[in-house]
Amino acid sequence: QVRLVESGGGLVQAGGSLRLSCAASGSLFSRSAMGWYRQALGNQRELVATIVSGGGTNYSDSVRGRFAISRDNAKNTVYLQMNSLKPEDTAVYYCNLNYFTAFTKYNYWGQGTQVTVSS
């Protein structure tokens, strides 16, 4: 069983920065792909950024160049550095762990952390 705990959300003015953290329990972290997703009120959950176990990253077009995802396998933690924040970045941000092999697949979500960007 894996538990994901997000932190770092809050209220920030447009143009500001926030850094989200997600700490994972258990032993799957270093072998898993990690991701940040977000869900704004009334919208579906959408991908923000992912990072695979080898460090490769992927971003949605809406955040590329402003956000950066990173991981620290020694601390079982994934980060999302968010710069140049816009009001449209306001959402609940969720951490995701995705581990799979040819025989097994695990997918876990955190409880979410609210990010509010004021104009």
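A charge sits over a ring if NZ of Lys or CZ of Arg is within 6 Å of the ring centre and within 35 degrees of the ring normal. In this predicted model, the charged end of R71 meets that description over the ring of F29, at 4.7 Å from the ring centre. A second case involves R45, whose charged end sits over the ring of W109 at a distance of 4.6 Å from its centre.

The ring of W109 also takes part in an aromatic pair. Across the whole structure, the search for such pairs returned 3. In one of them, Y37 and W109 are arranged edge-to-face, with 5.0 Å between centres and 70° between the planes. This pair connects distant parts of the chain, since Y37 belongs to strand β4 (residues 33-39) and W109 to strand β10 (residues 105-109), 72 residues apart. W109 has a relative accessible area of 38% and is therefore classed as partly exposed.

Another aromatic pair consists of Y99 and Y106, which are stacked, with 6.0 Å from centre to centre and 20° between the planes.

N96 is buried, because its relative accessible area is 4%, which is under the 20% limit. The side chain of N96 reaches the backbone oxygen of Y108, the distance being 3.1 Å. When residues up to four places away in sequence are left aside, N96 touches L4, A33, M34, G35, Y37, N107, Y108 and W109. Both members of the edge-to-face pair, Y37 and W109, are thus included among the contacts of N96.

Charged side chains were examined next. Side chains of opposite charge can pair when their charged atoms come close. The count of salt bridges in the model is 4. One of these joins D89 to R38, with 2.9 Å from N to O. The two residues come from distant parts of the chain: D89 is in the loop between β8 (77-82) and β9, while R38 is in strand β4, and 51 residues separate them. Both D89 and R38 are buried.

D89 forms a further salt bridge with R66, in which the closest N and O atoms are 2.8 Å apart. R66 lies in the loop between β6 (57-59) and β7 (67-72) and D89 in the loop between β8 and β9, so this bridge ties together parts of the chain that are 23 residues apart in sequence. R66 has a relative accessible area of 12% and is therefore buried. For D89 the relative accessibility is 1%, so this residue likewise counts as buried. The bridges of D89 belong to a network of salt bridges that links R38, E46, R66 and D89.

A salt bridge is also found between D61 and R64, where the closest N and O atoms are 2.6 Å apart. D61 is exposed, because its relative accessible area is 67%, and the cut-off for exposure is over 50%. R64 is partly exposed, with a relative accessible area of 46%.

Finally, cysteine pairing was considered. The whole structure contains 1 disulfide, formed by C22 and C95, with the sulfur atoms 2.1 Å apart. The link is left-handed, with -80° about the S-S bond. C22 lies in strand β3 (residues 18-24) and C95 in strand β9, so that the pair links distant parts of the chain, 73 residues apart. C22 has a relative accessibility of 0% and therefore counts as buried. The value for C95 is also 0%, and C95 is buried as well.

Terms used:
Residues numbered from 1 in each chain as written. Predicted model: local features only at pLDDT ≥ 70, side-chain atom pairs only at ≥ 80, totals over all residues. Heavy atoms only, no water. Phe/Tyr/Trp six-rings, centres within 6.5 Å; stacked < 30°, edge-to-face > 60°. Helix = DSSP H or I, 4+ residues; strand = E, 2+ residues; numbered from the N terminus. Buried < 20%, exposed > 50% of the residue type's maximum accessible area, 1.4 Å probe, protein only. Polar contact = N/O pair within 3.5 Å; in protein donor to acceptor, adjacent residues only side chain to side chain. Contact = heavy atoms within 4.5 Å. Salt bridge = Lys/Arg side-chain N within 4 Å of Asp/Glu carboxyl O. Disulfide = S-S within 2.5 Å.
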